[in-house]
Amino acid sequence: MIMMMREGWTMPRQRRRACVTISVAAGMIGVLFAAGWSGGLRINTTRSEPLGLWRIVTLTRPVLPGETVFVCPPDNAAMREARQRGYLRPGLCPGGFGPLIKTVIAVAGQRVDVTDHIAVDRVPIPGSRIMEKDGQGRSLRHGQSGMVRAGEVYLHSDFIGSWDSRYFGPVPVSGVLGLAQEVLTYAP
């Protein structure tokens with residue numbers, strides 16, 4: 001049945017209030033989201049680091065080994081393939097990638113050895129076993145051993161299924177957005 005609107009018909013008061021309330025709530029959520037985004041807040045939905053709310057803290061000095069950072073992956077063939085496989089989320093980084101949250105384990109001048117695990121300056125990195133296949137049985141390439149060059153950092157996550165430098169090698173330090181600070185997170 002089609003209801004026809006009569007000339008001069010007005011929306012009932014209760015429905016108007018509901019519409020106004022919903023509009024105000026949606027506007028407030030939008031303002032909070034925009035304020036959080038501009039304040040460096042991001043939501044992590046990957047298991048490489050604890051799930052939840054994180055903050056990007058601007059760095060005014062060089063990044064150091066052991067620091068957890070937000071980093072834009074470089075726009076290259078390995079990252080585009082990773083995006084197609086579902087390892088990377090879409091986002092605002094060059095190439096349309098979302099930023100990664102990873103721990104820097106090596107910086108320029110440090111040697112990284114890639115065998116069945118990672119070692120930095122001959123010190124084995126816990127939780128760095130190299131997987132030959134991903135969760136869907138697809139082959140994984142792994143990075144090469146060598147010195148981290150000037151302008152690069154080597155990234156890692158303890159999560160066994162993490163897409164990190166074990167598989168794609170060092171990344172440009174220019175992609176580091178800042179330190180990754182947990183705000184409200186939980187590790188499942």
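**Close-up views of a predicted model**

The bridge partner of F70 in β4 is I101. The model is predicted: local features need pLDDT of at least 70, and side-chain atom pairs count only at pLDDT 80 or more, while totals for chains, interfaces and linings use all residues. Residues are numbered from 1 along each chain as its sequence is written, and side-chain values use heavy atoms, with hydrogens and water left out.

Strand β4 covers residues 100–107, and eight of its eight residues are buried, so the strand is largely enclosed by the rest of the structure. Buried means under 20% relative accessible area, exposed means over 50%, and partly exposed lies in between (1.4 Å probe, protein chains only). Strands (E, at least two residues) and helices (H or I, at least four) are DSSP runs, numbered from the N terminus. Strand β3 (residues 68–71) pairs with β4 in the antiparallel sense over four bridges; two strands pair if DSSP finds at least two bridges between them. Strand β9 (residues 152–156) also runs antiparallel to β4, joined by four bridges. In β9, H156 is the bridge partner of T103.

**The disulfide of C72 and C93.** The structure holds one disulfide, a term used for a pair of cysteine sulfur atoms within 2.5 Å. The sulfur atoms of C72 and C93 are 2.0 Å apart. The link is left-handed, with -70° about the S-S bond. It connects distant parts of the chain, 21 residues apart: C72 lies in the loop between β3 and α2 (77–85), and C93 in the loop between α2 and β4. Both cysteines, C72 and C93, are buried.

**The two ends of helix α2.** At the start of α2, a side-chain oxygen of N76 comes to within 3.2 Å of the backbone nitrogen of A78. After α2 comes G86, which has a positive phi, near 90°.

**The surroundings of N44.** N44 is placed in strand β1 (residues 41–44). With a relative accessible area of 8%, N44 is buried. Its side chain reaches the backbone oxygen of E49 at 3.1 Å. This is a polar contact, meaning a pair of N or O atoms within 3.5 Å; within protein, one must be able to donate a hydrogen and the other to accept it, and residues adjacent in sequence count only if both atoms are side-chain atoms. Leaving aside residues up to four places away in sequence, N44 touches E49, P50, L51, G52, W54 and I101; contact here means heavy atoms within 4.5 Å.
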